[in-house]
Amino acid sequence: MSTTTLRPAPGGVGCVPRIVGEKLRRAGLRPTRQRLALGWLLFGKGDRHLTAEQLYEEARAARVNMSLATVYNTLRQFTESGLLREVALFGSKVWYDTTTGPHYHYYVEDRDEVFDIPEAMLPQLTVPGVPEGMVVAGVDVIVRLKKAP
Ligand SMILES: [Zn+2]
């Protein structure tokens with residue numbers, strides 16, 4: 001098992017690097033130093049939605065030295081391994097969500113912020129007329145919000 005010198009993120013509750021390493025291994029990813037560092041930032045603060053740029057800024061603030069390209073690559077690997085879910089917004093960046101199960105989102109346009117819509121507030125959607133030989137892979141609902149006039 002590799003050792004790390006990660007510091008907890010400022011103000012974060014944090015899960016220990018060992019737990020992040022275990023999470024990576026269970027997803028079939030080797031716990032490299034960079035994956036552990038980003039995993040620590042991503043999964044150590046509860047449910048989160050953030051962009052690659054935001055994670056890159058957090059990494060810099062935590063003195064984790066890596067390029068934006070590495071952050072993008074790692075986020076892609078985490079997503080392909082099922083550790084993250086992508087939330088794509090029209091005309092905006094891709095957001096990464098640490099909650100991977102089906103759920104829906106609010107997007108606050110003037111604050112550029114994504115958060116979950118509580119499940120109880122949405123009706124169950126049924127999708128009629130799915131073509132023969134196909135199944136619904138997922139349903140994305142994004143409710144855009146802006147400040148009331
Ligand atoms: Zn979410």
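How many bridges join β4 to β6, and do the two strands run parallel or antiparallel? Four bridges join them, and the strands run parallel. Strands here are DSSP runs of E with at least two residues, helices are runs of H or I with at least four residues, and both are numbered from the N terminus. Two strands pair if DSSP finds at least two bridges between them.

A word on the model. It is predicted, so local features need pLDDT of at least 70 and side-chain atom pairs count only at pLDDT 80 or more, while totals for chains, interfaces and linings use all residues. Residues are numbered from 1 along each chain as its sequence is written, and side-chain values use heavy atoms, with hydrogens and water left out.

Now the chain as a whole. Its secondary structure comes to four helices and six strands, in the sequence pattern α-α-β-α-α-β-β-β-β-β. Of the 149 residues, 34% are buried, where buried means under 20% relative accessible area, exposed over 50%, and partly exposed in between, with a 1.4 Å probe and protein chains only.

Next, the open sheet. Three strands form it in the order β1-β3-β2, with antiparallel pairing. β1 (49-51) and β2 (85-88) are the edge strands, each pairing on one side only. From one strand to the next, the twist averages 35°. Between β2 and β3 (residues 94-97) there are four bridges, and Arg85 has Asp97 as its bridge partner in β3.

Helix α3 (residues 52-61) lies across β1 and β3 and runs at about 90° to β1. Axes are lines fitted to C-alpha atoms, for helices over the stretch in contact, and angles run from 0 to 180 degrees between N-to-C directions. Ala52, Leu55, Tyr56 and Ala59 are the buried residues in α3. They sit on the same side of the helix because they cover an arc of only 105° around the axis, the arc being that of the directions from the helix axis to the C-beta atoms. An α-helix has 3.6 residues a turn, so residues three or four places apart point the same way. The buried residues of α3 pack against α2 (33-43), β1, α4 (68-80) and β3, with contact meaning heavy atoms within 4.5 Å. After α3 comes Arg63, with a positive phi near 60°.

On to the metal. The zinc ion has as protein donors His49 (NE2), Asp97 (OD), His103 (NE2), His105 (NE2) and Asp116 (OD), at 2.0 to 2.1 Å. Donors are N, O and S atoms within 2.8 Å of the metal (3.2 Å for Na, K and Ca), and sites may look incomplete because water is not among the atoms. Along the chain, the donor spacing is H-x47-D-x5-H-x1-H-x10-D. Asp97 in β3 and Asp116 in β5 (residues 113-116) link distant parts of the chain, 19 residues apart. Asp97 is buried, at a relative accessible area of 0%, whereas Asp116 is partly exposed, at 26%.

That leaves β4 (residues 105-108). Both of its faces are covered: His105 and Tyr107 on one side, Tyr106 and Val108 on the other, all buried. β4 pairs with β5 in the antiparallel sense over four bridges, and His105 has Asp116 as its bridge partner in β5. Four residues separate the two strands of this hairpin, and Asp112 in the turn has a positive phi of about 50°. Toward β6, Tyr106 stands opposite Val143.
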